[in-house]
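Morning, everyone. Please have the sequence and the model open while I talk. I'll go from one chain to the contact between chains.

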Amino acid sequence: MRLVSTFLVLFAFWLLLSGFFTAFLMLAGIGSALAVVLFARRMDVVDHEGHPIHLAPRALLVYWPWLAKEIVKSACTVASIIIRPSLPISPTLVRVRATQKSDVGRTTFANSITLTPGTLSVEVGENEFLVHALTREGANELAAGDMDRRVTAFERSL
Amino acid sequence: MNPDSVIDAASWILIVLGSGFCVIGALGLLRMPDFYTRMHAASLVDTLGAWLLLLGMMLQAGFSLVTVKLIFVAMLLFFTGPTATHALARAARARGLEPMAKDNPESGQTDERQTPS
């Protein structure tokens with residue numbers, strides 16, 4: 001099942017990048033995609049972490065729109081801090097609790113923190129991340145745990 | 001108004017906004033006082049700057065193969081950007097570069113250095 005979907009994704013990627021639909025190039029694409037799938041299977045990387053198809057619907061419909069909104073909001077905050085002549089920053093290191101169970105969940109949370117301008121995950125542990133924030137307000141907001149809850153809810157949906 | 005010109009205008013607005021965020025990010029990179037705060041400024045370019053530019057270019061390209069390729073570029077940035085940023089921050093910290101932070105739970109004492117005003 002996962003092998004089939006990996007193959008389909010790889011082949012779609014091939015078609016996309018080539019843009020030619022001649023028989024030879026299509027066959028070459030099928031061959032390449034098959035070879036990659038076989039190698040990946042031998043390396044045992046096609047599992048629920050390497051190719052997490054089960055996460056896709058919830059990621060696309062629920063989590064990403066929320067994350068995009070957060071990124072836009074904090075990008076505007078950071079931009080206004082940079083523009084202001086007084087440069088009102090208060091760099092803070094905080095430890096943030098991470099309640100995710102799996103590595104996929106933790107990676108999602110750490111990447112979300114880093115993607116959001118103004119916060120940056122420095123060290124990742126089992127239940128706790130060390131986060132550097134540009135302002136104290138940003139650190140407090142993250143420590144309040146809204147993002148953590150959302151990532152955990154998103155992780156549970158698998 | 002003709003729909004083509006509306007799309008064209010929207011795409012130019014997005015491209016100009018994206019460029020604006022890139023310029024502000026670069027300005028922040030110069031103005032920020034230390035390594036970690038500079039990385040925050042750089043992440044502006046990484047996220048909103050790049051995405052607004054890509055979105056504007058997608059509107060220019062319309063429904064074509066180019067748009068799908070641009071979506072792939074955006075996805076690539078979405079997944080690799082934070083990974084690279086995290087690796088950089090972690091490497092700096094592992095080598096003992098302490099962030100200029102008001103309260104640092106690691107060092108256990110408040111930092112004397114003040115942020116320049």
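Let's start with chain A: along the sequence, its pattern reads α-α-α-β-α-β-β-α-α. That is 6 helices and 3 strands. Helices here are DSSP runs of H or I with at least four residues, strands are runs of E with at least two, and both are numbered from the N terminus.

A word on the source. This is a predicted model, where local features need pLDDT of at least 70, side-chain atom pairs count only at pLDDT 80 or more, and totals for chains, interfaces and linings use all residues. Residues are numbered from 1 along each chain as its sequence is written, while chains are lettered from A and ligands numbered from 1 in the order in which they are written.

Chain A has 158 residues, and 33% of them count as buried. Buried means 20 or more other C-beta atoms within 10 Å of the residue's own; exposed means 12 or fewer; partly exposed is in between; the C-beta atoms are placed from the backbone.

Now look at α2(A), residues 23-43. Its 21 residues reach 30 Å from first C-alpha to last, close to the 30 Å expected at 1.5 Å a residue. The expected span is 1.5 Å times one less than the number of residues.

Which residues of α2(A) are buried? They are A:Gly29, A:Ala33 and A:Val37. They cover an arc of only 65° around the axis, so they sit on the same side of α2(A). That arc is taken from the directions from the helix axis to the C-beta atoms. On the other side, exposed residues include A:Phe24, A:Leu27 and A:Arg42. After α2(A) comes A:Asp44, with a positive phi near 60°.

Over to chain B. Here α2(B) and α3(B) pack at about 175°, with axes 10 Å apart. Axes are lines fitted to C-alpha atoms, for helices over the stretch in contact, and angles run from 0 to 180 degrees between N-to-C directions. So the two helices, α2(B) and α3(B), are roughly antiparallel; that label needs an angle over 145 degrees.

Finally, the two chains together. 35 residues of chain B are in contact with 29 residues of chain A. Contact means C-beta atoms, placed from the backbone, within 7 Å. On the chain B side, α3(B) gives the largest share, 11 residues.

Notes: Contact = placed C-beta atoms within 7 Å. Parallel < 35°, antiparallel > 145°, perpendicular 65-115°, else oblique.
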